[in-house]
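Hi,

Here is the structure I promised to pass on. Have a look at it first, and then read my notes below.

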Amino acid sequence: MDMDWMAWTAPTAIFFLCIALMLAGMTVWEVVSPTVEAKGFLPMRTTRGDRLFIGLLGSAFIHLGWLAATDASLWGASAVSLVWIALVIRFG
Amino acid sequence: MDKVQDNRAWFLIIPVFLIVAFSAVVPLMTVVNYSVQEIFGPGQTFFVGTEWFEAVLKDERLHDALVRQIIYSLAVLAIEIPLGILIALGMPGGRSAKTSLTLVLLALPLLIPFNVVGTIWQIFGRGDIGLLGATFRAIGIDYNYTNNSAHAWVTVLVMDVWHWTSLVALLCYAGLQSIPPAFYQAAKIDGASKWAVFRYIQLPKMRGVLIIAVLLRFMDSFMIYTEPFVLTGGGPGNSTTFLSQYLTQMAVGQFDIGKAAAFSIVYFLIVLLFSFIFYTIITRTGEGEKK
């Protein structure tokens, strides 16, 4: 099937592949070990999926904030985002 | 008897999954692809990285439109939600001609297409031929939504309240109708005041529909385009130019597809964030009630 109309680029393809792998991984994790709602530093009880969503949404805003505030390399924002996601998933 | 675990029911969501993928996920992925490229035409694309996002995030007009949009959406919620609840509380219950008539009257504004609503209010507000504009002039108020920002804002806001409060009222009414009479009888025996009945019976029972009402009204008002476009065209100046209109100018007017795509993603993330915050606050309030 011709996918030219979607104007794919290598970075966006890798980005969506990561998201797809993450969702697949979460599905397998859920089947192997079903999630239990837990209360961490976030102000509400969350499941593992909730925490991933909050982590990803927060990461998007970290990247946008980084772009708006500094001219430094975007890898810095990615590093901060990874730490943020790990914190939310583990302690959120 | 042990509960039978059967995951085959998951197959039933495949049609929905396919429809959502086709109508939402694939277009969104395409927009993400566009947002990192300069688009000159079909097949003429050049990778520019995060350039468009930087341009959008540093765009003063966008900041102004965003502030305007947030104020507008919060004003819409602050007016339409309490007003909708009040109307629902005042509506006749049971099955009667009065109930049917009220429901039909309330549903009328919801049936009118968005561009027609804009046109109705455009004529309604005109000082020469419109009832509202002429009335204001007759009582000495120099009302003119085409050259006064405050008047334009109030008109756009009132138009939205007129168009959409019915939706909130109908949702709340459905919530109120689902309350069993036994609740009211118990409250009467306890000598509960009208406020106590509202606070401890009606409001908690309306929680589900209120979540839907707040989310729908927030998302709709945050993405409003047609009505202000027809009524004021975004003016006077840029005073009623909201995010959608600015986005359309960028994508269709200037054919700046890459920048408009980056703008769309930022816009989408803002809507997602606010919806998540509202949803969390409302569902948490409900958890408190249950405890």
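A quick word before the domains: the bounds used here come from an automatic or database domain assignment. Keep in mind too that this is a predicted model.

With that in hand, chain A splits into domain 1 (1-34) and domain 2 (36-92). Their C-alpha centres are 19 Å apart.

On confidence, the model gets an ipTM of 0.91 and a pTM of 0.82. Chain B has an average pLDDT of 89, and 96% of its residues score at least 70.

Chain B also comes with a UniProt annotation, from an unreviewed entry: "transmembrane region" is given for residues 9-32, 70-89, 101-124, 161-187, 208-226 and 260-282. I checked two of these spans. Residues 9-32 of chain B are 79% helix and 0% strand, with 33 Å between the end C-alpha atoms. For residues 101-124 of chain B, it's 92% helix and 0% strand, and the end C-alpha atoms lie 25 Å apart.

Now for the inside. Which residues touch the most other members of the largest nonpolar core? They are B:Leu247, B:Ala262 and B:Phe263, in a core of 27 residues. Both chains take part: H2 (48-69) of chain A and H2 (51-57), H3 (60-90), H12 (243-253) and H13 (257-290) of chain B each give at least two residues to this core. H13(B) provides the largest share, 7 residues.

Zoom in on B:Ala262 and, beyond its neighbours within four places in sequence, you'll find it in contact with B:Ser35, B:Trp52, B:Phe53 and B:Val56. Apart from this core there is another one of 17 residues, including B:Ala169, B:Leu170, B:Cys172 and B:Phe222.

Cheers

Notes
Residues numbered from 1 in each chain as written. Chains lettered and ligands numbered in written order. Predicted model: local features only at pLDDT ≥ 70, side-chain atom pairs only at ≥ 80, totals over all residues. pLDDT = per-residue confidence, 0-100. UniProt positions renumbered as here; feature names shortened; annotations may be inferred. Helix = DSSP H or I, 4+ residues; strand = E, 2+ residues; numbered from the N terminus. Core = buried A, V, L, I, M, F, W, Y, C linked by C-beta atoms within 7 Å. Buried ≥ 20, exposed ≤ 12 C-beta atoms within 10 Å, placed from the backbone. Contact = placed C-beta atoms within 7 Å.
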